[in-house]
Amino acid sequence: MSDSSPPIPSYDLLTCGETLLRLSPPGMQRLDQARAFEVGIGGTELNVACLLARLGRRTAWVSRLPEGPLGRMVAGEARRHGVDTRFVRWVPDGRLGLMFFETGPAPRNARIIYDRKNSAASELAFEDAPWEALIAASARVHLSGITPALGPSCRALVTHIAGLAAGAGAGKPGSYDLNYRATLMTAEDARGMLAAVAPHLELLVVAERDARAVLGFAEEAERLAEAIVARYGVPMVGLTRPPGSEPGDLLFGAGSIRYAPRYPVEIVDRIGAGDSFVAGLIHGLLDGDPDLAIRLGSYAAAVALATPGDINFFGAEDLAAFHADITGALVR
């Protein structure tokens, strides 16, 4: 940054990554049936930033968006929730990635088809933003395993940001959601990326299925979280577990295990619940309260499952209901 550059605001969370245009058949139609689509916005890092902004946190999201109406849709949606997008780079003649999502109530499977190759965000790189200054102005940095899967510049960027955040003079806690996508990255590449960033992290979030199938662990539940900490040296692990598991999701750190409470959920939309879990964890950790982190992460994920769309429209009334332990009630 030059001396004439405007000062960077302070942020509770800095994140970066790709956001897609989400196209879904109306109702419960299958993609083959659809002759019209409902339009939404979704991207794991932006989903996290939006929920934290709705919780009153100051968040910034960095990406590359195509000039024109599709890019403006994404940026406008982010700002609608309170996310600062001033460091988005606008790309002439770029393209926005697409995600086609079929809801799939049981016994059908939910289905996602991506069309994101060569998107503007797939070339996100270090020169796109004043990263050193942004990190210095932020309390925490959040990264995802999806971004390095998009291309070489994204892999280099995520590794660089993780190192800068944890490095001397910055010392900012970082979080990383493995977010494994078999259509984007091999298991070997995902393991290599995690090994590169793990020394710089405070928190790793991973689904138990991915810890076993991708990272090669044999353990489950508490023993699995302990084994992840031992292998990667991260201070904390947030572990999401399959529905109906006992125990459920958990947070392991400093030798203590904290268990997520269970909330009965009528699933409306499966996409984005993991991002809400991450946002709840980060909100609690920003307050230095790991008990709040795991409880709010679980509740926010449940609300996300019961809400259409990737972005969780979690509101002040939801936070009040959480603190009052009121769920599934009729509020007049």
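Visitor: How much of the protein chain counts as buried?
Guide: This is a predicted model, and 55% of the 332 residues in its protein chain count as buried.

Visitor: What secondary structure does it have?
Guide: The protein chain has 10 helices and 14 strands. Its radius of gyration is 19 Å, close to the 20 Å from the globule rule for 332 residues, so the chain is as compact as a globular protein of that length.

Visitor: What box do the C-alpha atoms fill?
Guide: Roughly 55 × 55 × 45 Å, taken along the principal axes.

Visitor: And what share of the contacts comes from residues 24 or more positions apart?
Guide: Among contacts with a separation of 6 or more, such residues account for 70%.

Visitor: How many charged side chains, positive and negative?
Guide: There are 32 positive and 38 negative side chains, and the centres of the two sets are 3 Å apart.

Visitor: Let's pick a helix. Is helix 8 mostly covered or exposed?
Guide: Mostly covered, with 12 of its 14 residues buried. The buried ones include Phe 277, Val 278, Leu 281, Ile 282 and Leu 285. Asp 275 and His 283 are also among them.

Visitor: What span should helix 8 have, and what does it have?
Guide: Helix 8 covers residues 273-286, and at 1.5 Å a residue its 14 residues should span 20 Å. The end C-alpha atoms are 20 Å apart, which agrees.

Visitor: What comes just after helix 8?
Guide: Gly 288, which has a positive phi of about 70°.

Visitor: Which residues other than glycine have a positive phi?
Guide: Ala 221 is one of them, with phi of about 50°. Ala 254 is another, with phi near 55°.

Visitor: Where are those two, and are they buried or exposed?
Guide: Ala 221 lies in helix 7, residues 221-232. At 7% relative accessibility, Ala 221 counts as buried. Ala 254 is in the loop between strand 13 and strand 14, and at 80% relative accessibility Ala 254 counts as exposed.

Visitor: Which peptide bonds are cis?
Guide: The bond from Ala 106 to Pro 107 is cis, with omega near 10°. Glu 246 and Pro 247 are also joined by a cis bond, with omega about 0°.

Visitor: Where do the two prolines lie?
Guide: Pro 107 is in the loop between strand 7 (98-102) and strand 8 (111-115). Pro 247 is in the loop between strand 12 (236-240) and strand 13 (250-253).

Visitor: What about Arg 262, which residues is it in contact with?
Guide: Setting aside neighbours within four places in sequence, Arg 262 is in contact with Gly 244, Ser 245, Glu 246, Pro 247 and Gly 248. That list includes both residues of the Glu 246 to Pro 247 cis bond. Arg 262 itself is in the loop between strand 14 (256-259) and helix 8.

Visitor: How accessible is Arg 262?
Guide: Its relative accessibility is 48%, so Arg 262 counts as partly exposed. The C-alpha atoms of Arg 262 and Asp 249 are separated by 8.8 Å, and the two residues are 13 apart along the chain.

Visitor: Last one, Ala 302. Where is it, and what does it touch?
Guide: Ala 302 is in helix 9, residues 290-305. Not counting residues up to four places away in sequence, Ala 302 touches Tyr 263 and Val 265. Ala 302 is buried, with a relative accessible area of 11%.

Note on methods. Residues numbered from 1 in each chain as written. Heavy atoms only, no water. Helix = DSSP H or I, 4+ residues; strand = E, 2+ residues; numbered from the N terminus. Rg over C-alpha atoms; globule rule 2.2 N^0.38 Å. Buried < 20%, exposed > 50% of the residue type's maximum accessible area, 1.4 Å probe, protein only. Contact = heavy atoms within 4.5 Å. Lys, Arg positive; Asp, Glu negative; His and termini not counted. Charge placed at Lys NZ, Arg CZ, Asp CG, Glu CD. Expected span 1.5 Å × (residues − 1).
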